[in-house]
Amino acid sequence: MEKGETIVEACKREVLEETGLEIDCTTILMVESAGGVWLRFVLTGKVIGGTLKTPAQANRESLQAKWVSNLDELSLRASDIIELIEKARSYVHARKTRDPTWHLDQLPSLRAYAHLLLRLVIVIKKKATNRVHILLSERTSWHLPTCQINPGKSFHSTLRKFMVDLFGAEVPTHKPHGLLSIEHDARDGKDGVCLTLLVSFRAPLEEVPIIGKCVWHEVSKELGDKLLQRVVSRNATFQFHVVK
């Protein structure tokens, strides 16, 4: 990404420079992370114009572009894109068949941040009522728990430390599921990102003690059902892949 670009603007520019095609971005598909500061955003899009780049138009961005249906026809410099392509194919099929277990089209929200932030939507059920609750934190007002991502540590390390800060050293079994949203807007000079991650506890609310200024907040049945659907459906959130 170039300075001052949004994620969508960067995606459109890269596609145009490397393929000669103009696109409309349709959805975030996946976010990859290495260390605490390297992020790769994977988006899907639809061609709306341009012409496919030919060898005569080769430059430092790419030699040419062409449509392929069989990846075995190509000699790839890196195999990591194969998983991304297969993910995109699965998503396109899910949209065509209206598979309800997949997330809908959603692009990054435009909101500026000065740092890399991790926001958690932590879901749990109360045994006594069978109702869904989420964790809220209080400083000056109630909000979802949020921390700064440590640039010198892995994402898993940041998440683990934050969960310990919220629940103590003996954090009960929990599971990160994927991203609910990505927020970024570098147009005013800030180049931070806020990633909202869905996390669930297997144990009931009554068995998960909280430390610090946090409370469990009961959500409406409608919202609770939507959150549980995203918990049980692997593709209902945006995949967040930590590259080792």
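Where is the place of Thr51? I looked it up in the predicted model and found Thr51 in the loop between strand S2 (38-50) and helix H2 (80-96).

**Entry 1, Thr51.** I then listed its contacts, leaving aside neighbours within four places in sequence, and got Thr19, Gly20 and Leu21. I also took one distance: the C-alpha atoms of Thr51 and Ser157 are separated by 45 Å, and these two residues are 106 residues apart along the chain.

I noted a volume of about 2,600 Å³ for the largest pocket. Its lining has 49 residues, and Val15, Glu18, Thr19, Ile81 and Ile85 are the closest to the centre. Helix H1 (7-19), strand S1 (21-34), S2 and H2 each give two or more residues to this lining. Sorted by class, I have 29 nonpolar, seven polar and 13 charged residues there. Thr19 turns up in both entries: it is in contact with Thr51, and it is among the residues closest to the centre of the largest pocket.

I found 16 lining residues, with Ser137, Arg139, His143, Pro145 and Thr146 nearest the centre. The elements that contribute two or more residues are strand S4 (131-138), strand S6 (146-148) and helix H3 (155-167). This lining divides into eight nonpolar, four polar and four charged residues.

Definitions and conventions
Residues are numbered from 1 along each chain as its sequence is written. This is a predicted model: local features need pLDDT of at least 70, side-chain atom pairs count only at pLDDT 80 or more; totals for chains, interfaces and linings use all residues. Side-chain values use heavy atoms; hydrogens and water are left out. Helices (H or I, at least four residues) and strands (E, at least two) are DSSP runs, numbered from the N terminus. Contact means heavy atoms within 4.5 Å. On a 1 Å grid over the protein atoms alone, a cavity is a set of points where a 1.4 Å probe fits but cannot get out, and a pocket is an open set with protein on both sides within 12 Å along at least five of seven lines; lining residues have an atom within 4 Å of a point. Grid points are joined across faces, edges and corners, and a volume is the space filled by probe spheres set on the points. Ala, Val, Leu, Ile, Met, Phe, Trp, Tyr, Cys and Pro count as nonpolar, Asp, Glu, Lys and Arg as charged, and the others, Gly among them, as polar.
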